Amino acid sequence: KPSLTQRIVTALGRTGPPPALRAVDDVTLRIRAGEVVGLVGESGCGKSTLARVATGILPPSAGEVFYKGRPVTELTGKDRLNYLLKVQMVFQDPYASLNPRMKVGQLVGEALRVHKLVPKNEVGERTRGVLKEVGLDLGYMDRYPHQFSGGQRQRIGIARALAVEPDFLVCDEPVSALDVSIQAQVINLFMDVRERRGLTYLFVSHDLGVVRHISDRVAIMYLGRIVEIGTAAELFAKPAHPYSQALIRAIPSAVTRRRRAFTPLKGELPSALSPPPGCAFHPRCEHAMPICREVRPPLVQISPDRSAACHLHSTSESV
Ligand code: SF4
Ligand code: MG
């Protein structure tokens with residue numbers, strides 16, 4: 001499966017130039033240290049690919065990943081290990097990412113032991129501390145993943161990521177497999193952890209309702225490109241891109257609570273391998289104009305904190 005990601009630049013640091021995650025076909029997505037960026041789009045839009053590239057699990061097909069100002073490809077030895085540890089991933093399906101033959105205590109302490117991050121006799125203490133932090137009973141240390149519920153497993157996955165003291169968590173659909181009631185608990189845990197540890201998150205979801213409460217800024221992806229990015233408050237209040245507008249309209253009301261299937265739009269998501277020419281969204285867009293079929297709208301800044309890729313918002317020179 002070819003990578004949709006064209007170019008990624010991540011740089012995280014508490015000092016220095018503004019850290020940036022630059023992604024997908026000349027689009028720049030800045031992630032400042034300590035902020036939560038929600039990355040939203042339908043399945044197949046490239047957001048998981050982007051998440052994997054950001055963590056170093058997947059090398060980008062083109063472009064570069066920067067971490068704390070340095071290209072990741074240039075990191076070697078200790079520096080590379082440090083990057084791989086500081087940037088941790090939390091997966092959608094915690095069960096699939098947990099070795100079923102390892103006990104919870106072993107799972108959570110594994111990286112500490114393997115990379116000798118703390119003295120041997122402190123692994124247990126660190127493990128217990130992190131299990132407590134995610135709300136798991138210490139009596140669970142000697143149990144196996146299959147003995148837990150989905151929500152508990154995700155807590156184990158989070159504990160495993162936190163054990164190595166990361167500064168950046170990339171969470172790929174971390175609550176999508178959970179019941180709605182459990183989703184809220186796990187989101188709250190993410191928010192508590194972020195607050196306590198001052199972490200940076202890239203929070204990937206197909207569900208805008210999920211990222212709404214946790215994100216400082218939100219990036220909307222469509223067919224491998226970011227079509228809009230802005231502060232969560234502004235973007236939810238006044239989405240600029242027709243695709244964002246459709247997504248926000250599709251968020252179930254707080255009254256019904258139940259999440260509907262993610263079908264905000266008429267028409268199928270076109271193949272990312274042969275995206276429509278011009279604006280890739282034009283076959284589904286109610287505002288499509290002749291130019292939309294021919295010219296790809298660049299992502300342009302439309303207000304101090306907002307960029308969108310849509311001819312409705314383009315300046316004359318970009319047309
Ligand atoms: Fe719709 Fe045209 Fe804007 Fe694309 S560029 S979202 S087709 S109005
Ligand atoms: Mg995915």
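1. Two residues are taken to be in contact when their C-beta atoms, placed from the backbone, lie within 7 Å. In this predicted model, 61% of the contacts in the chain with a separation of 6 or more are accounted for by residues 24 or more positions apart.

2. The chain comprises 10 helices and 12 strands. Of its 319 residues, 42% count as buried.

3. Strand β7 pairs in the parallel sense with β6 (residues 87-90) over 4 bridges, and Val90 has Cys171 as its bridge partner in β7. Strand β8 (residues 200-205) also runs parallel to β7, joined to it by 5 bridges, with Phe203 of β8 standing opposite Cys171. Between β7 and β8 the chain passes through helix α7 (residues 180-197), forming a right-handed β-α-β crossover.

4. Glu42 lies in the loop between β3 (36-40) and α1 (47-55). With 18 other C-beta atoms within 10 Å, Glu42 is partly exposed, since a residue counts as buried at 20 or more and as exposed at 12 or fewer. The C-alpha atoms of Glu42 and Gly77 are separated by 37 Å, the two residues being 35 residues apart along the chain.

Terms used
Residues numbered from 1 in each chain as written. Chains lettered and ligands numbered in written order. Predicted model: local features only at pLDDT ≥ 70, side-chain atom pairs only at ≥ 80, totals over all residues. Helix = DSSP H or I, 4+ residues; strand = E, 2+ residues; numbered from the N terminus. Pairing = 2+ DSSP bridges. Right-handed = clockwise from strand over helix to strand, strands pointing away.
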